[in-house]
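Here is a friendly tour of one topic: salt bridges. Take a look at the sequence and structure below before reading on.

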Amino acid sequence: MSACDQPALEALAAEVGGLLSANGQHLVTAESCSGGWVAQCLTAIAGSSGWFDRGFVTYSNQAKIEMLGVPAATLATHGAVSEATAAAMALGALRHSHADWALAISGVAGPGGGSPSRPVGTVCFAWAGPDGRVETDTRHFPGNREAVRAQSVGHSLACLRQLAACGLA
């Protein structure tokens, strides 16, 4: 899939939706650097209201705290771009929704904002499932801002598809 191939992202979203729908489950998203792009891909699918509960775009740290209940101490200790914060975002999204699954994305899309420890293209992910377990991952994507964001959307959906198919086994 091309890094910015919107039809491929929507096809992946449709696959995720099919899995959720087949199991009578719902998804919630908590997005930072992707700015709601995952939710956009999901809602591009006709009938997605049957399996997509809601999406949170929590771009600022304050929004992460207020809307998702991310502890300020987690942000202070680990930073916004960390697996700990992504995990707290995913769990907070589950707590503040009626969903069975959550995915969360927080990263540095660029062109600025990077640091030696978190260069541009660093994106942290978390997925939480019905059993309460959370899986996390960090990736370093190449390219410009749009490419980093598109790759983040694709990775988050591809991993959710795999986790939902396996039940986080």
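This is a predicted model: local features need pLDDT of at least 70, side-chain atom pairs count only at pLDDT 80 or more; totals for chains, interfaces and linings use all residues.

Residues are numbered from 1 along each chain as its sequence is written, and side-chain values use heavy atoms, with hydrogens and water left out.

How many salt bridges does the structure hold? There are 4, where a salt bridge is a side-chain nitrogen of Lys or Arg within 4 Å of a carboxyl oxygen of Asp or Glu. The table shows some of them, including the pair of glutamate 15 and arginine 161.

| Salt bridge | N to O distance |
|---|---|
| Glutamate 15 and arginine 161 | 2.9 Å |
| Arginine 54 and aspartate 53 | 2.6 Å |
| Arginine 139 and aspartate 137 | 2.9 Å |

Let us begin with glutamate 15 and arginine 161, whose side chains meet in a salt bridge. Glutamate 15 belongs to helix α1 (residues 6–22) and arginine 161 to helix α6 (residues 145–166), so this pair ties together parts that are 146 residues apart in sequence. Helices here are DSSP runs of H or I with at least four residues, numbered from the N terminus.

Next comes accessibility: buried means under 20% relative accessible area, exposed over 50%, and partly exposed in between (1.4 Å probe, protein chains only). Glutamate 15 is partly exposed at 40%, and arginine 161 is partly exposed at 28%. Arginine 139 is partly exposed at 37%, whereas aspartate 137 is buried at 18%.

Methods
Helices (H or I, at least four residues) and strands (E, at least two) are DSSP runs, numbered from the N terminus.
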